[in-house]
Amino acid sequence: MKQGMQGSVGAEPGETDRRRGGGGERGGERGRPREGEYDRLRERPGGAEGADRPGAGEGADRPGGAEGGTARGEHTHSESALPRPRAAVQRSSVRGQVLAALRTALVTGDLRPGEVYSAPVLAERFGVSATPVREAMQQLTQEGAVEVVPNRGFRIVERGMRELAELAEVRALIEVPVILRLARTVPAERWAALRPLAEATVRAASSGCRATYAESDRAFHRAVLGLAGNEQLVRIAEDLHRRAQWPLVGSVSGARGRAELGADAHEHVALLDALIAGDAEVVRMVVGEHFGGAV
């Protein structure tokens with residue numbers, strides 16, 4: 001920084017002489033590079049850094065000075081701004097973690113339908129500030145999981161069987177034709193590669209943890225649809241799938257919930273067996289049953 005101040009001060013006499021039409025020995029030697037030096041500084045990696053160059057005032061006057069990065073003021077400004085992207089990335093990371101935790105709490109029923117939760121209370125629970133919680137809740141609002149209650153917080157949306165049936169119908173309209181098409185075109189070995197994902201859903205279902213099963217369930221469907229090579233399809237289908245996993249009003253966990261999850265998981269295995277065998281009729285039957293009772 002001291003060097004930059006000296007360079008600016010050293011340029012003033014020469015700058016004054018040049019504007020008067022003089023030339024000035026000090027201005028010619030210290031106030032600016034010698035003839036042709038600008039071209040060499042532009043070609044040198046890093047511009048004029050580490051070499052004698054004009055002060056900030058001259059860099060601003062010269063056309064393209066700011067873009068060329070040769071003025072000391074511009075270089076210093078870019079360095080002072082470096083910490084800001086790091087802070088933004090960190091804040092986004094916290095928001096993402098909070099969002100994932102809130103989604104898990106939705107699936108497990110820790111966030112109860114119809115209840116209102118304030119951002120400060122949730123922030124204290126997660127050990128973070130209220131800002132990333134509000135941002136995550138706004139995302140869930142866009143997804144339809146919660147709704148804003150002015151001056152109070154966020155209410156968890158109450159859902160019934162009708163909405164679940166509508167989601168299952170839309171998912172079927174999107175996913176069933178794709179799976180039936182893939183059944184005719186994807187070779188058996190590629191289906192066999194999905195076996196670990198199908199078996200993971202069975203293990204998750206046996207644990208009885210709806211959040212664990214929800215993740216493994218989406219992973220299996222995402223991998224199946226991913227074989228179509230359509231990223232937009234995968235994104236939209238997963239959003240619908242996630243919504244279908246939110247609990248209903250008055251839903252209960254326990255043995256009944258574990259049985260439902262187990263039946264759903266075994267349909268994954270049955271579907272994969274039929275796809276590997278190339279049995280289109282069984283594929284159609286299993287897919288129809290699966291989306292008719294999707295969790």
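Analyst: Let's start with a word we'll need a lot: two residues are in contact when they have heavy atoms within 4.5 Å. The model here is predicted, so local features need pLDDT of at least 70 and side-chain atom pairs count only at pLDDT 80 or more, while totals for chains, interfaces and linings use all residues. Residues are numbered from 1 along each chain as its sequence is written, and side-chain values use heavy atoms, with hydrogens and water left out.

User: What share of the contacts in the chain with a separation of 6 or more comes from residues 24 or more positions apart?

Analyst: It's 63% of them.

User: And what makes up the secondary structure of the chain?

Analyst: There are 16 helices and 3 strands. Both are DSSP runs numbered from the N terminus: helices are H or I with at least four residues, strands are E with at least two.

User: Why does phenylalanine 154 count as buried?

Analyst: Buried means under 20% relative accessible area, exposed means over 50%, and partly exposed is in between (1.4 Å probe, protein chains only). Phenylalanine 154 has 6% relative accessibility, so it counts as buried. You'll find this residue in strand 3, residues 153-156. Leaving out residues up to four places away in sequence, its contacts include Tyr117, Met137, Val146 and Val148. Leucine 140 is 14 residues from phenylalanine 154 along the chain, and their C-alpha atoms are 9.7 Å apart.

User: What makes asparagine 151 count as buried or exposed?

Analyst: Asparagine 151 has 84% relative accessibility, so it counts as exposed. Asparagine 151 sits in the loop between strand 2 (146-149) and strand 3. Its phi is near 65°, a positive value in a residue other than glycine.

User: How do you know whether alanine 136 is buried or exposed?

Analyst: Go by the number again: alanine 136 has 1% relative accessibility, so it counts as buried. Its place is in helix 9, residues 130-143. Beyond its neighbours within four places in sequence, alanine 136 touches Arg95, Val98, Leu99 and Leu102. Alanine 101 is 35 residues away along the chain, with its C-alpha atom 9.7 Å from that of alanine 136.

User: How do you know what helix 10 should span?

Analyst: The expected span is 1.5 Å times one less than the number of residues. Helix 10 (residues 161-185) has 25 residues, so it should span 36 Å, and that agrees with its end C-alpha atoms being 35 Å apart.

User: Where is the kink in helix 10 centred?

Analyst: On alanine 172, and the kink is about 30°. The bend at a residue is the angle between axes fitted to the seven residues ending there and the seven starting there.

User: What covers the buried residues of helix 10?

Analyst: Among the elements covering them are helix 11 (188-192), helix 13 (210-226), helix 14 (231-244) and helix 16 (280-292). The buried residues of helix 10 include Leu164, Ala168, Val176 and Leu180.

User: What makes helix 10 oblique to helix 13?

Analyst: Their axes come within 10 Å and cross at roughly 55°. That angle makes helix 10 oblique to helix 13. Where the two meet, helix 10 brings Arg171, Glu175, Val178, Ile179 and Leu182, and helix 13 brings His221, Val224 and Leu225.

User: How do you know helix 13 is largely enclosed by the rest of the structure?

Analyst: Because 12 of its 17 residues are buried. Among them are Tyr213, Asp217, Phe220 and His221.

User: And why are helix 10 and helix 14 called roughly antiparallel?

Analyst: The axes of helix 10 and helix 14 come within 10 Å and cross at roughly 150°. The pair is therefore roughly antiparallel. Their contact includes Leu167 and Ile174 of helix 10, along with Leu233 and Leu240 of helix 14.

Definitions and conventions. Axes fitted to C-alpha atoms, helices over the stretch in contact; angles between N-to-C directions. Parallel < 35°, antiparallel > 145°, perpendicular 65-115°, else oblique.
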